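Please open the model in a viewer and keep the selection panel at hand.

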Protein chains: 2
Amino acid sequence: MSAIPQDFVRKTAQLSEEVTRPFPNSRKIHVTGSRPDIRVPMREVALTPTQTSADVEENPPVLIYDTSGPYTDPASRIDLLAGLPDIRSSWIGERADTEELSGPTSAFGRARQSDPQLAHLRFEHLRTPRRAKPGRNVTQMHYARQGIITPEMEYVAIRENMRLDELRADPRYAKLLRQHPGQSHGAAIPETITPEFVREEIACGRAIIPANINHPELEPMIIGRNFRVKINTNIGNSALTSSIEEEVEKMVWSARWGGDTLMDLSTGKHIHETREWILRNAPMPIGTVPIYQALEKVDGRPEELTWEIMRDTLIEQAEQGVDYFTIHAGVLLRYVPLTADRLTGIVSRGGSILAKWCLAHHQENFLYTHFAEICEIMKAYDVAFSLGDGLRPGSLADANDAAQFAELETLGELTQIAWQHDVQVMIEGPGHVPLQMVQENMTKELADCFEAPFYTLGPIVTDIAPAYDHITSGMGAANIGWYGTAMLCYVTPKEHLGLPNKEDVREGIITYKIAAHAADLAKGLPGAQIQDNALSKARFEFRWEDQFNLSLDPERAREYHDATLPHQSHKVAHFCSMCGPHFCSMKITQDVRDYAANQRIEDVEAAVAEGMREKAREFREDGAAIYKAV
Amino acid sequence: MSAIPQDFVRKTAQLSEEVTRPFPNSRKIHVTGSRPDIRVPMREVALTPTQTSADVEENPPVLIYDTSGPYTDPASRIDLLAGLPDIRSSWIGERADTEELSGPTSAFGRARQSDPQLAHLRFEHLRTPRRAKPGRNVTQMHYARQGIITPEMEYVAIRENMRLDELRADPRYAKLLRQHPGQSHGAAIPETITPEFVREEIACGRAIIPANINHPELEPMIIGRNFRVKINTNIGNSALTSSIEEEVEKMVWSARWGGDTLMDLSTGKHIHETREWILRNAPMPIGTVPIYQALEKVDGRPEELTWEIMRDTLIEQAEQGVDYFTIHAGVLLRYVPLTADRLTGIVSRGGSILAKWCLAHHQENFLYTHFAEICEIMKAYDVAFSLGDGLRPGSLADANDAAQFAELETLGELTQIAWQHDVQVMIEGPGHVPLQMVQENMTKELADCFEAPFYTLGPIVTDIAPAYDHITSGMGAANIGWYGTAMLCYVTPKEHLGLPNKEDVREGIITYKIAAHAADLAKGLPGAQIQDNALSKARFEFRWEDQFNLSLDPERAREYHDATLPHQSHKVAHFCSMCGPHFCSMKITQDVRDYAANQRIEDVEAAVAEGMREKAREFREDGAAIYKAV
């Protein structure tokens, strides 16, 4: 601990105060599976009863899918210096198909571990990495195809299911369970998610559980079209700004606000050390783009990249516990000229690095030619592929063009190779696409990539709103999520302009939680409407506190309310600032209901019907005359 | 002027400084029509040239549809105390079908004008109201049906067209004019908008030009499915907060940021005086919900409303110059019980007022029974109907239900009556609708209301994000705009929580400009992609200033960029903060292009093709073996 600079210690201490407070009126519950060490966290929001003149009606608690990890659990002791509790090592150990290594096997990993100059930056409780025993395959897909339901699969089944069967049996939830039929666009979400269903979806490649055996702190989650739509957040320092502390803090905030996975896109110094800090404290799967680091190892000169450097980087990161790698193996030499007439060329960093390498060497992309060897690495640690769209469009003008779709077809070819190795795959998608062309991306991905989960960045639906690209892309994201995308990569307001700060991350995440939830509702995910119904009921009944507490960002909802009406009395008052005390439509509606009830509604209806008949006759007979006479 | 409180004078002086500065690198141009007094404003953004190693390429200026009125014109002298220049009085006068009244003809208007206690609040340069001569009809629809192309129609044709024919003839714009085909969902937007096309669309009711003869300051605009999608903004003080000054300021900001129309939803004191200030300074059409004011006249007791009070209010506001009225004439007595089992009852203020009135009196909605008389008033001033959806859903749970759609059918019936009077109509739509149910609203509106322009509030696509409802509703708005909605009513972050401040108005407007533009692109509006292409080109070429200047909110784009890289040198540097100087994909792509150019691209392609053929053969023959061997 003496090696940790005081600055960092202070920072982490501050962090635990801010980030570990539970959400208002919420408690962390754990649903236990078939064995006591499967304990799936959920957030339970307690609500106040409805007070009517005649009665008091209980409002049952609402469960919310919880990505925040142990940070919001008062029962957990958070110590960033020690890392999160290890919840998966026993599951991994029981499978008896892995071995503990003596230390990192990558040259780079060994060099970093033995460099005394890095001691002050290094995470101190380094775990010895594990790897598959020779000849063994430790991927969730491999187990699934053997017919094995792993604890990870059972965990995600419970997590996705959100106790829906229990709620269905509980009459207090009858009204809240009302939901519109979805339009699934071919998704087939069952009424209840069973562990066996999870296994089947993973076996056929339609879903993945990114869960490296070296990331045992992970709370497993699933990415697939027949499950909740997920969101990914990005963090990463760059050569110009940011520090380890800031990146770890952003990761924890990302968990709190609802990020399902997180990509560490760091490109600056100390990438290796930053990643270790993040992984050891991350309850969500962590993804990276290994070629960024490989490029740093050759001082930023793409033409000097080699397969050997890349291979060492993949092993280095796999042994740290990275759960999925973006691999731009579809950027083929022959596709590069297809981008020459584009308005915005190649905008993916990985794509442009590989395009440059291909042209410099007049050779095929080494990630493509070594793809089978990459699969061998992936299956030794269970790292999932995120097959990168290096040729994605960087502007509306370039959307859905020959280069983009040629690469997508190659990603399909690579998917089949990965699946021959039982390696999990998802497919990255664009980018910049006008609304009317979004669905083609989904349709083509499903066809070309055999229903492997699609993982899209936005898409942004217009290029004219820098500083608001979380919104331009949120519109595309909601639609493509509805059409079938399994995970949406968030975009922050700073996209195209600068590096996001904490508030930008918050804006980006909430926007994408909205998009993902809108997609779940549109697809008809069972139970998706419970939270909407409960919040709307609270709103209608002027239960302000419940409305805040049920919202995606309770703190901001309260803050915005209080900006106009700060007094505590206004949070129990039956009116709000929009209309003032004498003019509230919700109040009037309640009066209408009371009135109707007092008058005995059947009588009113009968009177109305009679009156209407009379009126209608009158109109039919005199209508034309009336209008002419006026 | 001495009657104006010093506070107000100071405020307006501040206002003109802040709001009248032109947009960066932009100038106001005016396109002249067939007569010199048709001068249609547009914003022209000048761009810097592209510098390549070999050449300098000119980037032609980009035109942007300009809602900001004279406020951004340095040639205009802005004086809120005097109001905007009158640009339509001569057009109205030439038609010789109106007469100047001796003063307001409404009892309320007369009372307010003669009340000495209001002198300090009153707009000082009151214009005498005009009205149609007895037996005359002064609506744009009436003229259109007579085959007359009014100056207003020519004005909007020029405004919609944005000099597109000239751009098409100019080779500098060839690349910028590249655009993807739209998916129009039945809209039929011509390649060029002619005055005659405008006339036809108005004559058949598919579009409206809200333009009260008492609002001659108005810069005419058109609302219809075959034109640019428009956005409406709302302002309004309430009983609890706000002042005249704040509301006028918000109106000017709304114009600047891109609001096409504006509704004054004030419910507090001095509604009449606030409205006068707004109208005299508003370059955009102003809408109101007259029943709000009528209700104030009966001290907030809906059951005490009468047709006579409503009638007087309509005339009062029509003589001030309000361009469209929301009229909730579709809330029929027999529909009210249909809302009793809703999760959130009746949430429209107007709807709930009228429901209460209907039940209290056991009578049909007096707006419905007096609808023909309302038409008589509308056509005497050319006020357009915005037929209100008083029974719109207030939650996802209540979307597309029997009450909502019953009312919509009645709005169709009323549309036909209005059209018998040659009165312009648009139809208001929801509200809260999950994504998969949005299109049904549009389809049903087109069918039930005979293609009258649809004007929707959002819709919000999930209820769980108060404080972010500009975003939840922006997603629904982009989609429904694509499906055919002619105007989108904005929602601010404070929706459901409080009253929007200036920043909230900004967020709401930009979000809705994005939604409207995304819809234009998706429908295939000719020329819609020019701004996207120009901005993307600037982005790709590191022309930072041009990128800012072409964006919807230039000031914020610059601010966000500068938050990470504040120095001026970074706005000309060929990299940005996201990747740092050694790692920019756009830079690498330019290198790739240069490289390919140097190598003579044909040779490279030939070599690539040859190499690929070799590779492909090798893979076909040895592929399986390679993968097995690894």
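At what angle do helix H11 (residues 307-320) and helix H14 (residues 371-381) of chain B pack? Select both: H11(B) and H14(B) pack at an angle of about 10 degrees, with their axes 10 Å apart. (Axes are lines fitted to C-alpha atoms, for helices over the stretch in contact, and angles run from 0 to 180 degrees between N-to-C directions; helices, H or I with at least four residues, and strands, E with at least two, are DSSP runs numbered from the N terminus.)

A note on conventions: this is a predicted model, in which local features need pLDDT of at least 70, side-chain atom pairs count only at pLDDT 80 or more, and totals for chains, interfaces and linings use all residues. Residues are numbered from 1 along each chain as its sequence is written, chains are lettered from A and ligands numbered from 1 in the order in which they are written, and side-chain values use heavy atoms, with hydrogens and water left out.

**The helix pair in chain B**

H11(B) and H14(B) are therefore roughly parallel to each other (angles under 35 degrees). Display the side chains next: B:Trp307, B:Arg311, B:Leu314, B:Ile315, B:Ala318 and B:Glu319 of H11(B) meet B:Glu373, B:Ile374, B:Ile377 and B:Tyr381 of H14(B), where contact means heavy atoms within 4.5 Å.

**A sheet in chain A**

Move to chain A and select E1, E2 and E5, three strands that form an open antiparallel sheet in the order E1-E2-E5. (Two strands pair if DSSP finds at least two bridges between them.) Strand E1 (26-32) and strand E5 (62-65) are the edges, each pairing on one side only. From one strand to the next, the twist averages 40 degrees. E1(A) and strand E2 (residues 39-45) are joined by seven bridges, and A:Ser26 stands opposite A:Val45.

**Strand E16 and its neighbours**

Finally, select strand E16 (residues 454-457) of chain A. A:Phe454 and A:Thr456 point one way, A:Tyr455 and A:Leu457 the other, and all are buried (under 20% relative accessible area, 1.4 Å probe, protein chains only). E16(A) pairs in the parallel sense with strand E15 (residues 425-429) over three bridges, where A:Glu428 stands opposite A:Tyr455. Three bridges also join E16(A) to strand E17 (residues 487-489), again running parallel; there, A:Leu488 is the bridge partner of A:Thr456.

Notes:
Buried means under 20% relative accessible area, exposed over 50%, partly exposed in between (1.4 Å probe, protein chains only). Angles under 35 degrees count as roughly parallel, over 145 as roughly antiparallel, 65 to 115 as roughly perpendicular and the rest as oblique.
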